[in-house]
Amino acid sequence: MQIAVIGGGASGLFAALNAAWQGGHVTLFERNATLGRKLLVTGSGRCNLSNDQVGASRYTCEDQSWMESLLALYGVPALTETFHSIGIPTHKTWDGWHYPQSDSAHSLVKALSHAVQAAGVHMHTSCQVLDLTLLEKGFRVVFLQQGNQQSQDFDKVIVASGGKAYPTLGTKGELFPVLARLGHSVRPIHPALAPVLAELGPLKSLQGVRLDLGVELSQANTPVAHAAGNMIFTEWGLNGPAVMDISHHIPEQPGDVWEISLNLLHYVEADFNGLLSQKRQTPFPANLLLSAFFPPKVVQCYLSLAGIPEDAPLNSLDEQSLDQLIDRLNSTRLKVTGVRGYKYCQASSGGVPVSEVYPTTLESRIHPGLHLTGETLDVVGPCGGFNLHFAFASGALAGKATAQSPER
Ligand SMILES: Cc1cc2nc3c(=O)[nH]c(=O)nc-3n(C[C@H](O)[C@H](O)[C@H](O)COP(=O)(O)OP(=O)(O)OC[C@H]3O[C@@H](n4cnc5c(N)ncnc54)[C@H](O)[C@@H]3O)c2cc1C
(Lines give C-alpha, C1' and ligand atoms only; values in the text may rest on other atoms or scores of the structure.)
Protein backbone atom coordinates (compact mmCIF):
# COMPACT_ATOMS: atom_id res chain seq x y z
CA MET A 1 0.00 0.00 0.00
CA GLN A 2 1.64 3.23 -1.17
CA ILE A 3 0.37 6.11 0.90
CA ALA A 4 1.01 9.84 0.41
CA VAL A 5 0.60 12.23 3.31
CA ILE A 6 0.45 15.90 2.29
CA GLY A 7 1.57 18.14 5.15
CA GLY A 8 4.12 17.55 7.89
CA GLY A 9 2.24 19.36 10.67
CA ALA A 10 0.45 17.91 13.68
CA SER A 11 -2.08 15.97 11.68
CA GLY A 12 0.22 14.80 8.90
CA LEU A 13 2.91 13.58 11.30
CA PHE A 14 0.39 11.49 13.24
CA ALA A 15 -1.11 10.21 9.98
CA ALA A 16 2.29 9.20 8.60
CA LEU A 17 3.35 7.57 11.85
CA ASN A 18 0.19 5.51 12.23
CA ALA A 19 0.09 4.47 8.59
CA ALA A 20 3.74 3.35 8.76
CA TRP A 21 3.17 1.47 12.03
CA GLN A 22 0.43 -0.50 10.25
CA GLY A 23 2.88 -1.51 7.53
CA GLY A 24 2.04 1.10 4.90
CA HIS A 25 4.75 2.51 2.61
CA VAL A 26 4.43 6.16 3.44
CA THR A 27 5.74 9.25 1.67
CA LEU A 28 5.35 12.55 3.49
CA PHE A 29 5.29 15.82 1.51
CA GLU A 30 6.08 19.03 3.39
CA ARG A 31 6.68 22.43 1.83
CA ASN A 32 8.92 23.62 4.66
CA ALA A 33 12.52 22.43 4.99
CA THR A 34 11.70 20.92 8.39
CA LEU A 35 8.72 19.14 9.92
CA GLY A 36 6.28 20.56 12.46
CA ARG A 37 7.14 24.25 12.08
CA LYS A 38 3.76 25.39 13.36
CA LEU A 39 3.93 22.96 16.26
CA LEU A 40 7.06 24.78 17.41
CA VAL A 41 5.13 27.99 18.10
CA THR A 42 2.08 26.41 19.72
CA GLY A 43 1.28 27.08 23.36
CA SER A 44 3.86 29.91 23.35
CA GLY A 45 6.57 27.35 22.64
CA ARG A 46 5.24 24.82 25.17
CA CYS A 47 2.72 23.02 22.86
CA ASN A 48 -0.62 22.74 24.59
CA LEU A 49 -1.42 19.41 22.96
CA SER A 50 -4.75 18.40 24.49
CA ASN A 51 -7.23 19.10 27.28
CA ASP A 52 -9.19 17.09 29.85
CA GLN A 53 -12.34 18.82 28.55
CA VAL A 54 -11.94 17.50 25.00
CA GLY A 55 -15.47 16.48 23.97
CA ALA A 56 -17.74 16.94 20.98
CA SER A 57 -19.67 19.85 22.48
CA ARG A 58 -16.52 21.98 22.68
CA TYR A 59 -15.99 22.03 18.91
CA THR A 60 -17.77 24.12 16.29
CA CYS A 61 -18.52 21.74 13.43
CA GLU A 62 -21.70 20.88 11.61
CA ASP A 63 -22.39 17.56 13.34
CA GLN A 64 -21.68 16.83 16.99
CA SER A 65 -22.38 13.11 16.63
CA TRP A 66 -19.68 12.96 13.95
CA MET A 67 -17.22 14.44 16.44
CA GLU A 68 -18.42 12.09 19.20
CA SER A 69 -17.66 9.07 17.00
CA LEU A 70 -14.16 10.35 16.26
CA LEU A 71 -13.34 11.21 19.87
CA ALA A 72 -14.73 7.90 21.11
CA LEU A 73 -11.94 6.24 19.11
CA TYR A 74 -9.21 8.74 19.88
CA GLY A 75 -9.70 10.62 23.11
CA VAL A 76 -7.16 12.04 25.55
CA PRO A 77 -5.85 8.64 26.84
CA ALA A 78 -5.18 7.38 23.29
CA LEU A 79 -3.29 10.56 22.45
CA THR A 80 -1.16 10.71 25.59
CA GLU A 81 -0.36 6.97 25.33
CA THR A 82 0.89 7.50 21.78
CA PHE A 83 3.05 10.39 22.91
CA HIS A 84 4.46 8.32 25.78
CA SER A 85 5.22 5.47 23.36
CA ILE A 86 7.42 7.72 21.21
CA GLY A 87 9.29 9.21 24.14
CA ILE A 88 7.15 12.23 24.91
CA PRO A 89 5.73 11.94 28.42
CA THR A 90 3.07 14.54 29.13
CA HIS A 91 1.71 16.40 32.11
CA LYS A 92 -1.29 18.58 32.73
CA THR A 93 -1.96 21.80 34.60
CA TRP A 94 -4.46 22.02 37.49
CA ASP A 95 -7.14 23.07 35.00
CA GLY A 96 -6.53 20.13 32.66
CA TRP A 97 -4.38 21.61 29.86
CA HIS A 98 -1.92 18.95 28.59
CA TYR A 99 1.70 19.69 27.64
CA PRO A 100 4.83 17.66 26.99
CA GLN A 101 6.61 16.95 30.30
CA SER A 102 9.53 19.04 29.01
CA ASP A 103 7.17 22.01 28.43
CA SER A 104 9.04 22.32 25.17
CA ALA A 105 7.41 22.23 21.74
CA HIS A 106 10.95 21.93 20.38
CA SER A 107 11.61 18.63 22.16
CA LEU A 108 8.19 17.33 21.08
CA VAL A 109 8.89 18.11 17.41
CA LYS A 110 12.34 16.51 17.66
CA ALA A 111 10.93 13.30 19.15
CA LEU A 112 8.03 13.22 16.69
CA SER A 113 10.37 13.72 13.72
CA HIS A 114 12.60 10.95 15.05
CA ALA A 115 9.61 8.60 15.42
CA VAL A 116 8.45 9.27 11.86
CA GLN A 117 11.94 8.60 10.52
CA ALA A 118 12.33 5.45 12.64
CA ALA A 119 8.98 4.18 11.33
CA GLY A 120 10.46 4.28 7.81
CA VAL A 121 8.47 7.19 6.41
CA HIS A 122 9.95 8.51 3.20
CA MET A 123 10.42 12.28 3.51
CA HIS A 124 9.96 14.89 0.80
CA THR A 125 10.68 18.18 2.57
CA SER A 126 11.03 21.60 0.84
CA CYS A 127 8.44 20.15 -1.46
CA GLN A 128 5.20 21.87 -2.36
CA VAL A 129 2.30 19.75 -3.55
CA LEU A 130 0.61 21.51 -6.46
CA ASP A 131 -2.11 19.14 -7.48
CA LEU A 132 -3.85 15.87 -6.85
CA THR A 133 -5.58 13.95 -9.62
CA LEU A 134 -7.63 10.78 -9.74
CA LEU A 135 -6.27 7.75 -11.61
CA GLU A 136 -8.29 4.72 -12.58
CA LYS A 137 -6.82 3.11 -9.48
CA GLY A 138 -5.26 5.48 -6.99
CA PHE A 139 -4.06 9.07 -7.13
CA ARG A 140 -1.32 11.16 -8.73
CA VAL A 141 0.44 13.72 -6.55
CA VAL A 142 2.02 16.56 -8.53
CA PHE A 143 4.70 18.46 -6.65
CA LEU A 144 7.45 21.02 -6.97
CA GLN A 145 10.87 20.13 -5.62
CA GLN A 146 14.02 22.17 -6.22
CA GLY A 147 12.22 24.04 -8.97
CA ASN A 148 11.27 20.84 -10.81
CA GLN A 149 7.69 19.75 -11.27
CA GLN A 150 7.38 16.02 -10.69
CA SER A 151 4.64 13.50 -9.97
CA GLN A 152 4.26 10.22 -8.14
CA ASP A 153 1.35 7.75 -7.98
CA PHE A 154 -0.15 6.38 -4.78
CA ASP A 155 -2.89 3.97 -3.71
CA LYS A 156 -4.09 6.35 -1.03
CA VAL A 157 -3.64 9.99 -0.08
CA ILE A 158 -4.10 11.81 3.22
CA VAL A 159 -4.50 15.56 2.81
CA ALA A 160 -3.23 17.13 6.04
CA SER A 161 -2.21 20.49 4.63
CA GLY A 162 -3.98 22.59 7.28
CA GLY A 163 -5.92 25.82 6.82
CA LYS A 164 -4.81 29.40 6.19
CA ALA A 165 -3.69 30.63 9.61
CA TYR A 166 -0.06 31.79 9.92
CA PRO A 167 0.82 31.50 6.21
CA THR A 168 4.48 32.24 7.01
CA LEU A 169 4.62 28.76 8.57
CA GLY A 170 3.56 27.10 5.32
CA THR A 171 -0.24 27.07 5.45
CA LYS A 172 -1.66 29.06 2.57
CA GLY A 173 -4.74 27.00 1.78
CA GLU A 174 -3.78 26.40 -1.85
CA LEU A 175 -5.08 22.81 -1.82
CA PHE A 176 -8.68 23.85 -1.08
CA PRO A 177 -9.37 24.59 -4.79
CA VAL A 178 -7.90 21.16 -5.61
CA LEU A 179 -10.30 19.49 -3.14
CA ALA A 180 -13.16 21.52 -4.63
CA ARG A 181 -12.21 20.38 -8.11
CA LEU A 182 -12.29 16.78 -6.85
CA GLY A 183 -15.93 17.35 -5.89
CA HIS A 184 -15.70 18.31 -2.23
CA SER A 185 -17.53 21.35 -0.88
CA VAL A 186 -15.23 23.95 0.60
CA ARG A 187 -16.89 26.31 3.05
CA PRO A 188 -15.48 29.89 2.99
CA ILE A 189 -12.28 30.16 5.01
CA HIS A 190 -12.17 32.74 7.85
CA PRO A 191 -9.67 33.60 10.57
CA ALA A 192 -10.47 31.77 13.84
CA LEU A 193 -8.90 32.04 17.30
CA ALA A 194 -8.11 35.57 16.22
CA PRO A 195 -7.60 38.80 18.16
CA VAL A 196 -10.72 41.01 17.94
CA LEU A 197 -10.72 44.56 16.58
CA ALA A 198 -13.00 46.73 18.70
CA GLU A 199 -13.66 50.37 19.53
CA LEU A 200 -12.56 50.60 23.16
CA GLY A 201 -14.18 54.01 23.69
CA PRO A 202 -14.21 54.73 27.43
CA LEU A 203 -12.04 51.64 28.09
CA LYS A 204 -9.08 53.03 26.09
CA SER A 205 -7.20 53.66 29.33
CA LEU A 206 -7.15 49.89 29.97
CA GLN A 207 -4.63 49.09 27.22
CA GLY A 208 -2.19 46.51 28.56
CA VAL A 209 -4.55 45.35 31.33
CA ARG A 210 -5.16 41.59 31.53
CA LEU A 211 -8.28 40.18 33.19
CA ASP A 212 -10.26 36.96 33.64
CA LEU A 213 -13.82 37.72 32.56
CA GLY A 214 -16.87 36.60 30.61
CA VAL A 215 -17.69 37.87 27.12
CA GLU A 216 -20.78 37.76 24.94
CA LEU A 217 -20.83 38.45 21.23
CA SER A 218 -24.07 39.80 19.78
CA GLN A 219 -25.40 40.82 16.40
CA ALA A 220 -28.12 43.47 16.46
CA ASN A 221 -28.63 42.74 20.19
CA THR A 222 -29.09 39.00 19.60
CA PRO A 223 -26.51 36.88 21.42
CA VAL A 224 -24.39 34.83 19.02
CA ALA A 225 -21.71 33.28 21.24
CA HIS A 226 -20.21 33.57 24.67
CA ALA A 227 -17.00 32.49 26.37
CA ALA A 228 -14.98 33.12 29.49
CA GLY A 229 -11.28 33.25 30.26
CA ASN A 230 -8.32 35.55 30.09
CA MET A 231 -8.32 38.70 27.96
CA ILE A 232 -6.01 41.65 27.39
CA PHE A 233 -6.93 45.17 26.18
CA THR A 234 -4.68 46.32 23.31
CA GLU A 235 -4.30 49.43 21.18
CA TRP A 236 -6.54 47.96 18.47
CA GLY A 237 -9.00 46.00 20.61
CA LEU A 238 -9.06 42.76 22.58
CA ASN A 239 -6.84 39.70 22.65
CA GLY A 240 -6.55 36.46 24.63
CA PRO A 241 -8.45 33.18 24.83
CA ALA A 242 -11.81 34.67 25.96
CA VAL A 243 -12.28 36.67 22.75
CA MET A 244 -10.28 34.40 20.44
CA ASP A 245 -12.68 31.55 21.23
CA ILE A 246 -15.63 33.44 19.71
CA SER A 247 -13.79 35.29 16.94
CA HIS A 248 -14.74 32.85 14.17
CA HIS A 249 -18.36 34.09 14.44
CA ILE A 250 -17.38 37.65 13.48
CA PRO A 251 -17.84 38.43 9.78
CA GLU A 252 -15.16 40.15 7.70
CA GLN A 253 -17.24 43.35 7.46
CA PRO A 254 -19.24 43.48 10.69
CA GLY A 255 -20.90 46.83 9.93
CA ASP A 256 -22.51 48.60 12.89
CA VAL A 257 -24.44 45.81 14.54
CA TRP A 258 -21.81 43.56 16.11
CA GLU A 259 -20.94 44.15 19.75
CA ILE A 260 -18.99 42.41 22.45
CA SER A 261 -20.13 42.70 26.03
CA LEU A 262 -17.58 42.33 28.83
CA ASN A 263 -18.65 40.89 32.19
CA LEU A 264 -15.95 41.64 34.76
CA LEU A 265 -17.96 39.99 37.52
CA HIS A 266 -18.17 36.63 35.71
CA TYR A 267 -15.71 34.85 38.00
CA VAL A 268 -16.10 36.95 41.16
CA GLU A 269 -19.78 37.86 41.42
CA ALA A 270 -20.53 35.99 44.65
CA ASP A 271 -17.45 37.35 46.46
CA PHE A 272 -18.09 40.87 45.12
CA ASN A 273 -21.70 40.82 46.32
CA GLY A 274 -20.58 39.41 49.68
CA LEU A 275 -18.06 42.20 50.29
CA LEU A 276 -20.49 44.82 49.03
CA SER A 277 -23.28 43.78 51.39
CA GLN A 278 -20.79 43.56 54.30
CA LYS A 279 -19.53 47.13 53.69
CA ARG A 280 -22.59 48.81 52.07
CA GLN A 281 -23.68 50.70 55.18
CA THR A 282 -20.12 51.66 56.24
CA PRO A 283 -17.68 54.41 55.16
CA PHE A 284 -15.60 51.78 53.30
CA PRO A 285 -14.29 53.61 50.16
CA ALA A 286 -15.71 52.52 46.80
CA ASN A 287 -12.22 52.18 45.31
CA LEU A 288 -11.27 49.62 47.98
CA LEU A 289 -14.31 47.51 47.10
CA LEU A 290 -13.18 47.35 43.46
CA SER A 291 -9.49 47.00 44.32
CA ALA A 292 -10.30 43.76 46.09
CA PHE A 293 -11.02 42.23 42.67
CA PHE A 294 -9.48 44.34 39.91
CA PRO A 295 -6.19 46.10 39.05
CA PRO A 296 -5.88 49.88 39.69
CA LYS A 297 -6.53 50.99 36.07
CA VAL A 298 -9.82 49.08 36.05
CA VAL A 299 -10.85 50.56 39.40
CA GLN A 300 -10.23 54.12 38.17
CA CYS A 301 -11.89 53.57 34.81
CA TYR A 302 -15.09 51.91 36.09
CA LEU A 303 -15.63 54.35 38.98
CA SER A 304 -15.27 57.22 36.55
CA LEU A 305 -17.71 55.54 34.11
CA ALA A 306 -20.28 55.32 36.91
CA GLY A 307 -19.54 58.91 38.00
CA ILE A 308 -18.43 57.80 41.47
CA PRO A 309 -15.50 59.64 43.15
CA GLU A 310 -12.70 57.19 43.99
CA ASP A 311 -12.75 57.64 47.74
CA ALA A 312 -16.53 57.97 48.06
CA PRO A 313 -17.67 56.01 51.14
CA LEU A 314 -20.07 53.22 50.22
CA ASN A 315 -22.66 54.44 52.72
CA SER A 316 -22.79 57.82 50.93
CA LEU A 317 -23.75 56.33 47.53
CA ASP A 318 -27.35 56.31 46.38
CA GLU A 319 -28.81 53.10 44.90
CA GLN A 320 -28.78 54.56 41.37
CA SER A 321 -25.00 55.18 41.34
CA LEU A 322 -24.31 51.74 42.74
CA ASP A 323 -26.63 50.10 40.21
CA GLN A 324 -24.89 51.95 37.44
CA LEU A 325 -21.50 50.71 38.62
CA ILE A 326 -22.72 47.13 38.86
CA ASP A 327 -24.41 47.35 35.45
CA ARG A 328 -21.13 48.53 33.90
CA LEU A 329 -19.16 45.77 35.59
CA ASN A 330 -21.71 43.19 34.42
CA SER A 331 -21.91 44.41 30.87
CA THR A 332 -19.84 47.00 29.05
CA ARG A 333 -20.65 46.84 25.36
CA LEU A 334 -18.01 47.63 22.74
CA LYS A 335 -18.47 47.89 19.00
CA VAL A 336 -16.68 45.12 17.10
CA THR A 337 -15.04 46.23 13.87
CA GLY A 338 -13.48 42.94 12.74
CA VAL A 339 -10.77 40.44 13.56
CA ARG A 340 -7.06 40.52 12.92
CA GLY A 341 -6.10 38.53 9.83
CA TYR A 342 -4.49 35.17 9.10
CA LYS A 343 -1.09 36.52 10.08
CA TYR A 344 -2.23 36.82 13.70
CA CYS A 345 -4.78 34.05 14.20
CA GLN A 346 -4.15 30.54 15.48
CA ALA A 347 -6.55 28.68 13.20
CA SER A 348 -8.97 29.12 10.35
CA SER A 349 -12.60 28.06 10.15
CA GLY A 350 -14.19 26.77 6.97
CA GLY A 351 -12.88 24.06 4.67
CA VAL A 352 -14.43 20.72 3.86
CA PRO A 353 -17.55 19.95 5.96
CA VAL A 354 -17.16 16.91 8.21
CA SER A 355 -20.22 15.27 6.65
CA GLU A 356 -18.09 14.58 3.55
CA VAL A 357 -15.67 12.25 5.39
CA TYR A 358 -16.28 9.25 7.67
CA PRO A 359 -15.58 10.09 11.34
CA THR A 360 -13.77 6.84 12.10
CA THR A 361 -11.41 6.79 9.11
CA LEU A 362 -11.53 10.39 7.77
CA GLU A 363 -12.00 8.81 4.35
CA SER A 364 -13.81 10.85 1.74
CA ARG A 365 -17.39 9.76 1.07
CA ILE A 366 -16.83 10.90 -2.52
CA HIS A 367 -13.47 9.32 -3.35
CA PRO A 368 -12.52 6.12 -1.48
CA GLY A 369 -8.80 6.19 -0.68
CA LEU A 370 -8.70 9.95 -0.14
CA HIS A 371 -8.57 11.06 3.52
CA LEU A 372 -8.85 14.61 4.88
CA THR A 373 -7.63 15.54 8.35
CA GLY A 374 -6.95 18.42 10.74
CA GLU A 375 -7.63 21.96 9.66
CA THR A 376 -8.55 21.02 6.08
CA LEU A 377 -11.91 20.12 7.69
CA ASP A 378 -14.42 22.71 8.91
CA VAL A 379 -13.77 22.22 12.63
CA VAL A 380 -12.73 24.82 15.21
CA GLY A 381 -12.11 24.22 18.89
CA PRO A 382 -11.44 26.80 21.60
CA CYS A 383 -8.00 27.68 22.95
CA GLY A 384 -6.60 25.09 25.34
CA GLY A 385 -5.28 22.18 23.24
CA PHE A 386 -8.55 21.32 21.47
CA ASN A 387 -7.32 22.08 17.96
CA LEU A 388 -4.13 20.11 18.28
CA HIS A 389 -6.07 17.23 19.82
CA PHE A 390 -8.35 17.17 16.77
CA ALA A 391 -5.40 17.44 14.37
CA PHE A 392 -3.51 14.56 16.05
CA ALA A 393 -6.62 12.38 16.48
CA SER A 394 -7.91 12.80 12.93
CA GLY A 395 -4.40 12.17 11.57
CA ALA A 396 -3.96 9.02 13.66
CA LEU A 397 -7.33 7.55 12.61
CA ALA A 398 -6.72 8.32 8.93
CA GLY A 399 -3.22 6.83 9.10
CA LYS A 400 -4.47 3.62 10.69
CA ALA A 401 -7.31 3.33 8.20
CA THR A 402 -5.24 3.81 5.05
CA ALA A 403 -2.88 1.01 5.80
CA GLN A 404 -5.52 -1.38 7.11
CA SER A 405 -7.93 -1.59 4.21
CA PRO A 406 -6.48 -3.74 1.42
CA GLU A 407 -7.64 -1.65 -1.56
CA ARG A 408 -9.44 1.52 -2.57
C1 LIG B 1 0.78 30.74 17.08
C2 LIG B 1 -0.10 29.51 17.18
C3 LIG B 1 -0.24 28.91 18.44
C4 LIG B 1 -1.09 27.80 18.56
N5 LIG B 1 -1.18 27.17 19.76
C6 LIG B 1 -1.96 26.08 19.91
C7 LIG B 1 -1.98 25.34 21.12
O8 LIG B 1 -1.22 25.61 22.06
N9 LIG B 1 -2.85 24.30 21.21
C10 LIG B 1 -3.68 23.93 20.16
O11 LIG B 1 -4.45 22.98 20.32
N12 LIG B 1 -3.62 24.55 18.98
C13 LIG B 1 -2.77 25.60 18.83
N14 LIG B 1 -2.69 26.22 17.60
C15 LIG B 1 -3.50 25.68 16.48
C16 LIG B 1 -2.82 24.41 15.90
O17 LIG B 1 -1.46 24.68 15.68
C18 LIG B 1 -3.49 23.97 14.61
O19 LIG B 1 -4.86 23.76 14.84
C20 LIG B 1 -2.86 22.67 14.10
O21 LIG B 1 -1.49 22.84 13.87
C22 LIG B 1 -3.53 22.17 12.84
O23 LIG B 1 -2.84 21.01 12.43
P24 LIG B 1 -2.81 20.55 10.90
O25 LIG B 1 -1.91 19.39 10.85
O26 LIG B 1 -4.19 20.42 10.40
O27 LIG B 1 -2.18 21.78 10.13
P28 LIG B 1 -0.73 22.42 10.29
O29 LIG B 1 -0.15 22.13 11.61
O30 LIG B 1 -0.92 23.82 9.89
O31 LIG B 1 0.14 21.63 9.24
C32 LIG B 1 -0.07 21.70 7.86
C33 LIG B 1 1.26 21.44 7.15
O34 LIG B 1 1.03 21.28 5.78
C35 LIG B 1 2.06 21.95 5.07
N36 LIG B 1 1.52 22.28 3.73
C37 LIG B 1 0.49 23.12 3.46
N38 LIG B 1 0.27 23.16 2.14
C39 LIG B 1 1.19 22.35 1.56
C40 LIG B 1 1.47 21.98 0.22
N41 LIG B 1 0.77 22.47 -0.82
N42 LIG B 1 2.49 21.12 -0.01
C43 LIG B 1 3.23 20.62 1.02
N44 LIG B 1 3.00 20.93 2.31
C45 LIG B 1 1.98 21.78 2.57
C46 LIG B 1 2.37 23.17 5.90
O47 LIG B 1 3.66 23.67 5.63
C48 LIG B 1 2.23 22.60 7.32
O49 LIG B 1 3.45 22.12 7.81
C50 LIG B 1 -1.83 27.30 17.44
C51 LIG B 1 -1.64 27.91 16.19
C52 LIG B 1 -0.79 28.99 16.06
C53 LIG B 1 -0.61 29.60 14.70
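Ala, Val, Leu, Ile, Met, Phe, Trp, Tyr, Cys and Pro are counted here as nonpolar, Asp, Glu, Lys and Arg as charged, and the others, Gly among them, as polar. The model is predicted: local features require pLDDT of at least 70 and side-chain atom pairs pLDDT 80 or more, whereas totals for chains, interfaces and linings use all residues. Residue numbers start from 1 along each chain, as its sequence is written.

By these classes, the shell around the ligand holds 13 nonpolar, 18 polar and 6 charged residues. A residue is near a molecule if its C-beta atom, placed from the backbone, lies within 6 Å of it. There are 37 residues around the ligand, and Gly7, Gly9, Gly162, Gly170 and Gly374 come nearest. Helices (H or I, at least four residues) and strands (E, at least two) are DSSP runs, numbered from the N terminus. Helix 1 (10-21), helix 2 (37-41), strand 7 (127-134) and helix 12 (386-404) each contribute at least two residues to the shell. Helix 12 gives the most, with 4 residues.

A residue is buried if 20 or more other C-beta atoms lie within 10 Å of its own, exposed if 12 or fewer, and partly exposed in between, with C-beta atoms placed from the backbone. This core has 117 residues, of which Val5, Ile6, Ala16, Val157 and Ile260 touch the most other members. Domain 1 (2-191 + 347-404) and domain 2 (195-340) both supply residues, so the core lies between them. The domain bounds come from an automatic or database domain assignment.

Two strands pair if DSSP finds at least two bridges between them. Strand 7 and strand 8 (residues 139-145) are joined by 7 bridges. Leu134 has Phe139 of strand 8 as its bridge partner.

Antiparallel pairing also links strand 13 (residues 210-219) to strand 14 (residues 222-233), through 10 bridges. Leu211 is bridged to Met231 in strand 14. The two strands form a hairpin with 2 residues between them, and Ala220 in the turn has a positive phi of about 50°. Asn221 lies in the loop between strand 13 and strand 14. Its phi is also positive, near 70°. Asn221 counts as exposed, with 8 C-beta neighbours inside 10 Å. Strand 14 pairs in turn with strand 15 (residues 237-239), in the antiparallel sense over 2 bridges. Ile232 has Asn239 of strand 15 as its bridge partner. A hairpin of 3 residues connects strand 14 to strand 15.

Most residues other than glycine have a negative phi. Cys47, which is not a glycine, has a positive phi of about 65°. Cys47 sits in the loop between helix 2 and strand 3 (50-51). Cys47 counts as buried, with 28 C-beta neighbours inside 10 Å.

Conventions. A nonpolar core is a set of buried Ala, Val, Leu, Ile, Met, Phe, Trp, Tyr and Cys residues joined through C-beta atoms within 7 Å.
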